[in-house]
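Dear colleague,

Here is the structure I said I would pass on. My notes on it follow below.

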Amino acid sequence: MKKRKLLIAAIVVFSVLLSSFALYFYQIFYTPNILVDQQDRLFFIESGSSFKKVQNDLFEQGYVKDLVSFGFLARLLDYHKSIKPGRYLLRSEMTNKEALDLFRSGNQKPTRITFTGARTDSVLAERICNSIELEAQLFLDHYRKESTRKTYGFDTTDFISMFLPDTYEVYWNIKLEDLFDRFKKEYDSYWNEKRMQLADSIQLSKTEVITLASIVKGEIAKIEEAPVVAGVYMNRLKKGIPLQADPTLIFALGDYSIKRVLNIHKELDSPYNTYKNRGLPPGPINLPSKPIIDAVLNYERHNYYYFCAKPDFSGYHNFASTLAQHNRNARLWRRALNKARIYR
């Protein structure tokens with residue numbers, strides 16, 4: 001009788017323990033433990049992160065409610081042996097298993113690189129790396145290597161033109177070489193057969209088109225004037241007249257605070273001084289947008305050789321076919337600058 005009671009007691013205890021373990025394992029797998037009573041959030045796992053760092057970040061940043069259960073299941077599923085870096089979207093009330101399945105799959109949420117332009121390679125690096133894991137300095141070091149430029153078919157003067165301003169969807173932890181390859185792919189895709197034919201028809205290379213577009217970008221405040229301004233410069237190029245473009249001179253001086261180009265500035269000895277040198281400068285002076293590049297390829301045919309900002313500071317320009325007309329427009333502009341006390 002005593003043995004029977006002990007057996008029954010043992011069975012009861014075993015059943016209780018089994019039920020408890022079953023309940024615990026159920027909770028570990030299927031009870032919400034991620035962002036409990038919170039909204040969806042992104043979680044970043046840096047390249048080279050250890051399992052311990054992932055755990056600590058999840059807990060310290062308030063993603064995980066019960067770290068013990070998460071860690072237990074992670075080891076049970078061998079997640080600790082293969083950490084995949086990335087930018088993951090964790091949803092409100094996720095279970096440990098759902099979160100770990102996401103991390104193990106490496107199915108991260110892409111990010112977007114968006115930039116509208118850049119005057120220098122350092123600015124370009126900052127803008128491209130602003131939304132990804134890659135450090136701007138690492139990008140810049142790779143960009144400045146001669147071997148990198150040669151790999152993609154560019155030199156020091158025109159390599160920046162490979163990075164066309166736009167929005168690009170990439171993975172947050174994209175590798176350095178893959179990032180450069182992506183920009184080259186996008187560049188080649190932009191320069192399709194139709195655009196190459198247009199460039200050939202106006203007798204400019206791809207780099208020359210982008211260089212001219214960069215000057216147009218520096219001149220305009222209103223995108224609708226881009227084809228007209230491009231037409232002015234194309235007319236001057238065809239006639240062998242110096243472009244006399246203020247933005248190229250400002251680029252050469254490296255002083256972007258200049259609002260009024262003076263005669264003393266025009267004496268600068270530089271291949272980017274289009275007052276002294278005929279033709280296009282050696283390379284782009286900024287990164288023009290695709291619509292401005294297209295405006296050069298489809299420039300407006302007209303008989304203008306000059307343009308000058310309107311004195312009402314509207315951002316628009318007065319265009320002229322003769323030097324006499326231009327001089328009248330220029331006098332009005334100089335008078336407006338003087339009245340506004342803009343002397344430099």
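**A buried loop residue**

At a relative accessibility of 2%, L243 counts as buried, because the cut-off for that class is under 20%. L243 sits in a loop, with α11 (226-239) on one side and α12 (246-253) on the other. Please keep in mind that this is a predicted model.

I also looked at L243 together with D57. These two residues are 186 residues apart along the chain, and 57 Å separates their C-alpha atoms.

**The chain as a whole**

There are 344 residues in the chain, and 42% of them are buried. The secondary structure consists of 14 helices and 8 strands.

As for overall dimensions, the radius of gyration is 31 Å, whereas a compact globule of 344 residues would have a value near 20 Å. Along the principal axes, the C-alpha atoms fill a box of roughly 125 × 45 × 35 Å.

Is R331 buried, partly exposed or exposed? Its relative accessibility is 43%, so R331 counts as partly exposed; that class lies between the limits of 20% and 50%. L243, by contrast, has 2% and falls in the buried class.

That is what I have for now.

Best regards

Terms used. Residues numbered from 1 in each chain as written. Predicted model: local features only at pLDDT ≥ 70, side-chain atom pairs only at ≥ 80, totals over all residues. Heavy atoms only, no water. Buried < 20%, exposed > 50% of the residue type's maximum accessible area, 1.4 Å probe, protein only. Helix = DSSP H or I, 4+ residues; strand = E, 2+ residues; numbered from the N terminus. Rg over C-alpha atoms; globule rule 2.2 N^0.38 Å.
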